[in-house]
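Hello,

Here is the structure I promised to pass on. My notes on it follow below.

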Amino acid sequence: MKSEAIVAALRQACPGVNVTSRSGLLGETFVVLPLQCLRHAVRLLFEQFGVRHLSTITAQDVGDNIELLYHFWAGEGLTLRTMLPKSEAHIDTITDLVTGASFYEREAAEMLGVVFDGHPDPRPLLLPEDWTGGAPLRSNETDPTAAGPTHLEQQAISEPEVQVTPGERMIIPIGPQHPLLKEPLSYLLTVEGERVVDSSLRIGYVHRGIERLCQQRNYVQNTYLLERICGICSHIHTTTYCQGVEALLGLQVPPRAHYLRALMCELERIHSHLLVLGVLAENIGFTTIFMYAWRDREIVLDIMEELSGGRVSHAATVIGGVQFDLDQQHARSILTRLDDFEKQMETLRNVIYHERSFQMRTRDLGYLSMEQVQDYCVVGPMARASGVDVDLRRDAPYAAYRDLHLRVVTAHGGDVWARTQVRVEEVFESLHLCRQLVEQMPGGAVTVRAPRRVPAGEVVSRTEAPRGELIYYIRSDGSDKPARVKVRTPTITSLMSLFDQLRDISIADVPAVIGGMDLCIACADR
Amino acid sequence: MSGVLWALFRLLVFPGFVFLACCALAFQWVDRRVSARLQGRFGPPWFQPLADLIKLLAKEDTLPVGADELVCTVLPIASLAAVLSAATYVPVAGQEVPSFEGDLIVVVFLLSIPTLAYFLAGWFSVSIYSVVGGNRSLLQYFAYEVPFLMALGGAAVLNGSWSIAQIAARQSQTAWGLLLQPLGFLVAVIALIGKLKRPPFDIPKAKTEISAGPLTEFSGRKLALWYLTRDIEAVVGAFLLVDLFLGGGGVALWSVVAFGAKALFLLLALSVASVLYARLRIDQLVNLGWKVLAPAALLQLLVTVWMGGG
């Protein structure tokens, strides 16, 4: 096991201190490190083992201390944990070692009041600039919603000064309301003529405090709350969460439920990829492809609605199984319609691959090298388009993926065009998986009874959402409500790389880059 | 007295403002309907363009603080006036028009006024999107105007006259310009798309990049005038190319129908082109204009001169 070798090396590298490790649920290894050892350990992971994918940092309040968990992915889950006293919650940043830690540290800083010494950009990530409610996830603080942002009524959040000084530098605001992106993300582009020279990002416009809300609801209610993080990949959220809770409960989910979950996951991936294909086409002014992609996407949405009863929020996965079943006749009808869909999709692929103007607008744009992708810990199709061969459906099979034959699609261009290719090919791969799932589906029950109280423990649950690795950390204190639920969605990783992608391109290319990234701000803000 | 009335009728009703406005609205409907059908949508009912126009005319007309009220009012009126003036020299179905040697140049100049107005609208309506869009429309002007002028000049050289009515008449004696100058015709159509700022050359008003470009801050009546100008310009541009390359038309009933059919064919070509491609970037359009269109138009001109046209 790789983690055992890593733990041994850590023990050797930090002599005289107590490094303990234990293997947790769902194959995650937890390593406890003293505070002063952490930076050293992170460096060692990278230099000696090539492990540099930091999935996220979970910060949580454990009585007198704040606990930080650094979730790494080393081909298997590896979590480094360390404690800091609440009274003196200081820790050195690791952004100089892992650039992708930046947003996670900012979030931990605002949510739990941890100070990351040496962080290059310590602004709040999700909370308003004039937030006065204290650290929302510290348990001994007063209810933060009661305090609220007091100054907001008197003064608007620092609106950018709109300057029109011809011929000089201008600042072009994109968002939070803008035709380019229908999602509330604010981007200030500093341009000289048509060239972008600088940019600054602000998210948090749809921050709903879901992580805190989770601590106030019981496990069953949270299934429905977490589904509402995203309006596109809602099913993967419930699946990831339920998979974690089931692991905590030690519950064996019937195999048929695993297959039905995976079937929904793949349908969801198809419609998510088609959605972003349409958005990209619309952004580069190719309305026809947008219309075709969204028209064909309806076939898949109809199937999902028939299966679960919902078009957007499916409530398909429940703790212990799924809430829907599939009969023979319906399965046949689905397969027929997927065949029709595949024909339409082949036409669409033909147009995209052979229409020169589409490639003129997407090639050599938003380039991220494999090095940059690993540095920012970018996941999913974005990473695969830069040649990083990673897919949790294959690397850490969940649901029914262990039984399936899966081809991981990668490309090497690293630009918007390569990302489009990866997504288009993944749609075909997902169709292939859907057929396997329907044909090999075992019989039997689709759900088992789950107790309401969850035994104390913690779990890290990872899945491959349409946009890439989705990770949940769930800690239970033995009651019917979780003590901490941490969600890291794939979009956050892409956002960190946005600055590099936008530098020195034309304003006209900004929509293409953003369209090619498949951002979901609702996911990022939670 | 009756001469004055007749002139007013010609200016205001046929083939003047009312006729052109009707053509423009009809074209807008055909355009929306055709592109909708090509994209797997349904498109609006026939009266939608008129309803949109009336709705816009009735809407509140606002401008941001700091925008130049006078300039912003004059610009849409001036561009509509320029396009309508251009139309008076473009014979519709063989109608008599006040023509003179060189009116082709005047028409091309008048038709470029909306583009310049776009640029000024960008400066004077104090919005960043407008400024960027205004700059783009000027850049685009330099990309399409030279090939456009060269292609039209080719038709003039071929037919030995710089008067549109003359060129149209000459073709009925020889052959359509399209047959003798296929390359020039193609360049003229592509440059016309650039002139009209239609997709895939809708760069100055690319909505996903810069909202509506120079029109971002316009509303109500001013916006209605801009839209009307846009559609009338498309119709006049199509009439112009029919006169120069597709043999114009006579006064007989069948040739009036033929003229309409030719113009419709051109406009349909514009609609189809608008759904087939992704929007180009401004530098890609400038490249296209100077590296492909201008040399092609020049080649056509040389061939015409060498063949001893005119």
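In chain A, Val460 (A:Val460) stands opposite A:Tyr473, a residue of strand 14 of chain A. Please keep in mind that this is a predicted model.

Strand 14 of chain A covers residues 468-476 and runs antiparallel to strand 13 of chain A, with nine bridges between them. The link from strand 13 of chain A to strand 14 of chain A is a hairpin of two residues. Strand 13 of chain A (residues 457-465) is largely enclosed by the rest of the structure, because eight of its nine residues are buried.

Next, the domains. Chain A is divided into domain 1 (2-117) and domain 2 (210-489). Their C-alpha centres lie 28 Å apart. Where the two touch, domain 1 of chain A gives 20 residues and domain 2 of chain A gives 20 residues. On the domain 1 side, strand 3 (53-62), strand 4 (65-73) and strand 5 (77-85) of chain A each supply two or more residues. The largest share of that side, six residues, belongs to strand 3 of chain A. By class, the side holds 13 polar, five nonpolar and two charged residues.

Last, the nonpolar cores. The largest one has 245 residues, and B:Ala86, B:Val90 and B:Ile164 are among those with the most contacts inside it. Domain 1 and domain 2 of chain A each put at least three residues into this core. Beyond its neighbours within four places in sequence, B:Ala86 is in contact with B:Val107, B:Leu110, B:Leu111 and B:Val236.

Regards

Key
Residues numbered from 1 in each chain as written. Chains lettered and ligands numbered in written order. Predicted model: local features only at pLDDT ≥ 70, side-chain atom pairs only at ≥ 80, totals over all residues. Core = buried A, V, L, I, M, F, W, Y, C linked by C-beta atoms within 7 Å. Buried ≥ 20, exposed ≤ 12 C-beta atoms within 10 Å, placed from the backbone. Domains from an automatic or database assignment. Contact = placed C-beta atoms within 7 Å. Helix = DSSP H or I, 4+ residues; strand = E, 2+ residues; numbered from the N terminus. Nonpolar A, V, L, I, M, F, W, Y, C, P; charged D, E, K, R; others polar. Pairing = 2+ DSSP bridges.
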